Amino acid sequence: MKKKLIILLSLVIIFPHFFNTTSIAGQDLFALGDHLSKMGNYDAAITEYKRFIFFHPDDKRVAKTYYNIGLAYRTQGLWQEAIMAMRNSILHATTDDEKSEYQINLAVTLISSKQYDLAQLELIKLMLRDPNGIFTQRVLLLRAVAYIYQFQWEEAREVLQEYTDDDKLDILFNKAANLPQKSTNTAKMLSTIIPGAGQFYTKDWRSGLNALVLNSLLGYVAVDAVLDQHYADAAFWMFFIFVRYYQGNFYRAEIAVKTYNKEVSQRAANDILDRLQEIAETP
């Protein structure tokens, strides 16, 4: 008798739809997923959402469930899983407004994962489907944000012309478009003359000083070996050690320029995004 009871309970757990537990496999699973998600237990929430979809694949809430799964993955930084779930939510959406809402959030997820071109594609598809809808302003803003993160100032400005005519924003775009950028060729030329000078050019003082001291020391060791007539040692230090670090100095100068230019552009982007947030929050 005890053995039969254990088997019966096991079947209830594994196959709840064979017993009178429709509410557990239906509404309660969906609600449980929401509850777990609000509690921050995203893995358990995703499991319950997936169980709901499995037991009720034709339920009208399937699209919303996939969307919730996507949000749970996104919160954890699992971008590809979030993107796949949100694409499924769009496929199962039953109304245009629902589909547009999920598509906008898919674009947000793609921007967050730095997949800007794919985000633009989703937003353009949304605009083509509903060019005069209630989502137009949000689409324009997100398209501009994607361009700003890529430092494509003129493209972002063009999109925002349909969103706002804010003068301060225009000033910030003009400033961003005329940012002082460092030259990679100049940095390499300076580092050819004096190791570390290319890094000094980008105000990377620590890296520049390290390159100057290290290359000077290695050069001194090689020259000292020649003066002591230890030619084999001199050749070793010169061709296997010094040359390697001297050439690496060019590479580090190039990296320093790219880092400097990116940081300058990122500050400009942050200023523009801050202003956009102020505009969006203005009643």
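Thr 65 sits in helix H5, where helices (H or I, at least four residues) are DSSP runs numbered from the N terminus. Thr 65 is buried, at a relative accessible area of 0%; buried means under 20%, exposed over 50% and partly exposed in between, with a 1.4 Å probe and protein chains only. Setting aside neighbours within four places in sequence, Thr 65 is in contact with Phe 30, Tyr 49, Phe 52 and Ile 53, contact being heavy atoms within 4.5 Å.

The model is predicted: local features need pLDDT of at least 70, side-chain atom pairs count only at pLDDT 80 or more, and totals for chains, interfaces and linings use all residues. Residues are numbered from 1 along each chain as its sequence is written, and side-chain values use heavy atoms, with hydrogens and water left out.

**Nonpolar cores**

A nonpolar core is a set of buried Ala, Val, Leu, Ile, Met, Phe, Trp, Tyr and Cys residues joined through side-chain atoms within 4.5 Å. The largest has 42 residues, of which Ile 148, Trp 153, Phe 173, Ile 272 and Leu 276 touch the most other members. Two or more residues come from each of helices H5 (62-75), H6 (79-92), H7, H8, H9 (136-149), H10 (153-160), H11 (167-177) and H15 (231-281). Beyond four places in sequence, the contacts of Trp 153 include Ile 148, Phe 173, Leu 179, Ser 265 and Ile 272. Another core, of 16 residues, lies apart from the largest one and has Tyr 49, Phe 52, Val 62 and Ile 69 among its members.

**Helices H7 and H8**

The axes of H7 (residues 96-112) and H8 (residues 116-129) come within 8 Å and cross at roughly 160 degrees. Axes are lines fitted to C-alpha atoms over the stretch in contact, and angles run from 0 to 180 degrees between N-to-C directions. H7 is therefore roughly antiparallel to H8, a term for angles over 145 degrees. The crossing is left-handed, that is, the near helix is turned anticlockwise from the far one by less than a right angle. Among the residues making the contact are Gln 103, Leu 106 and Leu 110 of H7 and Tyr 116, Leu 123 and Arg 129 of H8.

Most residues other than glycine have a negative phi.

Key
Angles under 35 degrees count as roughly parallel, over 145 as roughly antiparallel, 65 to 115 as roughly perpendicular and the rest as oblique.
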